[in-house]
Amino acid sequence: MKYVLVTGGVVSGLGKGVTASSIGLILKACGLRVTSIKIDPYLNTDAGTMSPFEHGEVYVLDDGGEVDLDLGNYERFLDIKLTRDNNITTGKIYQSVIDKERRGDYLGKTVQVVPHITDAIQEWVERVAKIPVDGEEGPADVCVIELGGTIGDIESMPFIEALGQFSYRVGAGNFCLIHVSLVPVLSVVGEQKTKPTQHSVRGLRGLGLAPNILACRSTTALDENVKAKLSQFCHVSAENIITLYDVSNIWHIPLLLRDQKAHEAILKVLNLLSVAGEPCLEEWTSRAELYDMLHERVRIAMVGKYTGLSDSYLSVIKALLHASVAQGKKLIVDWVPACDLEPETAKENPDVYNAAWNLLKAADGVLVPGGFGDRGVQGKILATKYARENRIPFLGICLGMQIAVIEFARSVLGLKDANSTEFDPNTKNPCVIFMPEGSTTHMGGTMRLGSRRTYFQVMDCKSAKLYGNRSFIDERHRHRYEVNPNMVMHLENSGLSFTGKDASGQRMEIVELPNHPYFVGVQFHPEFKSRPGKPSALFLGLIAAACGQLDSVLKEDRFSQKIGTGKGGMSNGLKGRPSLVPFYYRVFPTWFAEYQGHYDAVQSSEYGLVIGSLSKGLVHTRKLDSELLYGTASCILQLRYKL
Ligand code: GLN
């Protein structure tokens, strides 16, 4: 096992997480198997109790781990499935050491930060790095470890000490340290300043860690003389100094690394040059370029509680983005604070109220995300009612689904006090109730967390079709309350359809309004499994419906099942055949319709897009007119994969 440690210097917020994920991605693109560990030096055991407003969203893993949102970046970039142990916190380490102490495992010794905490950190890293996360057997080749915080923080000291010992123990050739730093440009003179980086590298060295590579954040590429200076003062060779200058979207970061040959520098340090190949990032490049060129907009209103900090709903935004790019649309997210839609606000602050309603009314689709507590619930109910009555595409996630059911019960069944017992424990019409999976008396740890299976109840519904007509799906959960099974018949008799349930049939997982263009609520969080190039089915449904393309997507999804591109994208790594064909199919549906799925090759050429059908003995060239070309040209030029 080889290790890449990513540390940060000078200031926080340099995008260390994205840099570390991009490093993982480029190594994976060189044909290596990659896993990752995120170290958060805070005392919380996990992120489950942390406010999304302060810390960004709580990311949920298959095993029910509630972790830092950076793990989401790793899962999305590397297309892997991490475990809760891939997120180390000071709380977890201390807890494990204190548990051991209580068991008497230290045999009467004084238990200390060094060596007991530092040993525990090293053991944890070594153990977790071996867990396979990419669906294959055996440990990965490389583990990317990201150390949260900034060098010099008091909290990270035990980790720095442990990692210093660790690098010595695993030995040169197995450990590569990448230090992400800042090279500010002073506006007065426009000069790139190296001093902050020099200081932070000195700090790092003082703590026993010597960087192999410097990744410098800056607004523009580093001047050669600046690189030379950094090299001289930081003792890092100039070819190992990479600039991460500002780019139009984060998908360009792996490409920046590739263009500056960061992979070669890393592979050299890790003695892997002979086993790794050239990075294969064609599909990734096409997508990054396509993203920049999209111009036709799709507006989604996000009706949430924490609209002040977009990181609070990071995975939802990413999932919307994946779906929009797949549909060839530029995503515009309009943040609508749920409270602002409420009559209270109309009285107190009519301008704010009107602005919120105007945003909602201008949207092509409405999304009500998950949440806890009753603030903004009334506003979410009003937004949902608006989407239902005006036939605006709607996706309700977790609390959003519960809201959809409450709204329906109130407006359609006429149960004026219908509510969730989370908000009104004494409601006479509890359509959402507390349904713990374990004990009904024990309150602690009663959240339903992690991957659970949903079985489709009817195949002729939008969600089943979007999921490719599978009979069941596994998605991640994080909730306590659920639709009251005793009210399901009543709701269904009035037109709501519970199209997905758990194995017992008692837990409602998906709800739809069949007579609406797209009205879907889900108890789970599909956003956590969305990937660039593999958008989540229900987000794709929302975006497609919002652009009036749902019908063609429903057809195309069946199509992509038939041609077996379901496992496309980066998941196949080097060995697979990443395919852009579903994308072309979506953008040019009429062309493909002629072939009814019987074609064997699609390729770009100077004449346009070539579609070949061996079984029909035909090769057709379709000229791309300039309209269509706009926004897709670069993508087409990248298309080199044959089916
Ligand atoms: N508060 C709701 C529950 O606990 C919804 C949770 C969520 O949206 N994640 O069931």
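Select Arg478 together with the ligand: a backbone N or O atom of Arg478 lies 2.8 Å from a nitrogen atom of the ligand. The model is a predicted one, and residue numbers count from 1 along each chain.

A polar backbone atom of Gly371 is 2.8 Å from an oxygen atom of the ligand. How much of the ligand does the protein bury? On its own the ligand exposes 290 Å², and the protein buries 99% of that.

Now show the whole shell. The residues around the ligand are Gly370, Gly371, Phe372, Cys398, Leu399, Gln402, Glu422, Arg478, His479, Arg480, Tyr481 and His525. Coloured by class, this shell has four nonpolar, five polar and three charged residues. To see which secondary structure elements contribute, select helix H16 (399–411) and strand S19 (472–479); each supplies at least two residues of the shell.

H16 lies across S16, S17 and S20, and the helix runs at about 150° to S17. These three strands form an open sheet in the order S16-S17-S20, with mixed pairing. Its edges are strand S16 (419–420) and strand S20 (481–483), each of which pairs on one side only.

Zoom in on S17 and S20. Strand S17 covers residues 430–434 and is joined to S20 by three bridges, the two strands running antiparallel.

Two backbone features remain. Most peptide bonds are trans, and most residues other than glycine have a negative phi.

- Select Val114 and Pro115. The peptide bond from Val114 to Pro115 is cis, with omega near 15°. Pro115 belongs to helix H5, which spans residues 113–129.
- Select Asp79. Although Asp79 is not a glycine, its phi is positive, at about 50°. Asp79 is found in the loop between helix H3 (70–78) and strand S5 (87–89).

Key
This is a predicted model: local features need pLDDT of at least 70, side-chain atom pairs count only at pLDDT 80 or more; totals for chains, interfaces and linings use all residues. Side-chain values use heavy atoms; hydrogens and water are left out. A residue is near a molecule or strand if one of its heavy atoms lies within 4 Å of it. A polar contact is a pair of N or O atoms within 3.5 Å; within protein, one must be able to donate a hydrogen and the other to accept it, and residues adjacent in sequence count only if both atoms are side-chain atoms. Accessible areas come from the Shrake-Rupley method with a 1.4 Å probe; for residues, only the protein chains shown count as cover. Helices (H or I, at least four residues) and strands (E, at least two) are DSSP runs, numbered from the N terminus. Ala, Val, Leu, Ile, Met, Phe, Trp, Tyr, Cys and Pro count as nonpolar, Asp, Glu, Lys and Arg as charged, and the others, Gly among them, as polar. Two strands pair if DSSP finds at least two bridges between them. Contact means heavy atoms within 4.5 Å. Axes are lines fitted to C-alpha atoms, for helices over the stretch in contact, and angles run from 0 to 180 degrees between N-to-C directions.
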